[in-house]
Amino acid sequence: MGSHYGVKIRKRENDVLKQQRASYVCPTCQKQNVKRKGYAHWLCGSCGTELSGGAYSLATSVGISARKTLQSLKPKK
């Protein structure tokens, strides 16, 4: 991309691009092979699982807290 603004904005952009291009662990096969395919669209190269997540990272902080809340509301067997 290439931002022509101040240092702070360039650092933020660099951090986002690192997150976006990183590989993540697949929740299905547990291999570190999930890559970003498009906006909020993620694909595991090993098992072929398609996931939806955040725009620049597989899991967002809001998604993680929502998942924890739903798990706590689940009835225990």
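## Terms and basis of the model

Helices (H or I, at least four residues) and strands (E, at least two) are DSSP runs, numbered from the N terminus. The structure is a predicted model, in which local features need pLDDT of at least 70 and side-chain atom pairs count only at pLDDT 80 or more, while totals for chains, interfaces and linings use all residues. Residues are numbered from 1 along each chain as its sequence is written, and side-chain values use heavy atoms, with hydrogens and water left out.

## The sheet

The sheet is open and holds four strands in the order S1-S2-S3-S4, with antiparallel pairing; two strands are taken to pair if DSSP finds at least two bridges between them. Strand S1 (24-25) and strand S4 (50-52) are the edge strands, each pairing on one side only. In general, the strands of a sheet pair through backbone hydrogen bonds, either parallel or antiparallel.

Strand S2 (32-38) is joined to S3 by four bridges, the two running antiparallel, and Lys35 stands opposite Leu43 in S3. On the other pairing, three bridges join strand S3 (residues 41-44) to S4, again in an antiparallel arrangement. Here His41 has Ser52 of S4 as its bridge partner, and Trp42 has Leu51 of S4.

## Turns and positive phi values

The hairpin of S2 and S3 has two residues between the strands, and in it Ala40 takes a positive phi near 60°, a positive value in a residue other than glycine. Ala40 is buried, with a relative accessible area of 18%. The hairpin of S3 and S4 has five residues between the strands, and Gly48 in that turn has a positive phi of about 80°.

Gln30, in the loop between S1 and S2, also has a positive phi, of about 65°, although it is not a glycine. Gln30 is exposed, with a relative accessible area of 56%.

Gln20 belongs to helix H1 (residues 7-21) and is buried, with a relative accessible area of 18%. Leaving aside its neighbours within four places in sequence, Gln20 is in contact (heavy atoms within 4.5 Å) with Arg36, Trp42 and Tyr56.

Ser57 lies in the loop between S4 and H2, and it is buried, with a relative accessible area of 12%. With neighbours within four places in sequence again left aside, Ser57 is in contact with Gln19, Tyr24 and Trp42. A polar atom of the Ser57 side chain also lies 3.1 Å from the backbone oxygen of Ala59; a polar contact is a pair of N or O atoms within 3.5 Å, where within protein one must be able to donate a hydrogen and the other to accept it, and residues adjacent in sequence count only if both atoms are side-chain atoms.

## Helix H2

Helix H2 (residues 61-73) has 13 residues, which at 1.5 Å a residue should span 18 Å, and its end C-alpha atoms are 19 Å apart, which agrees; the expected span is 1.5 Å times one less than the number of residues. Of the 13 residues of H2, the number buried is zero, so the helix lies largely in the open.

Definitions and conventions
Buried < 20%, exposed > 50% of the residue type's maximum accessible area, 1.4 Å probe, protein only.
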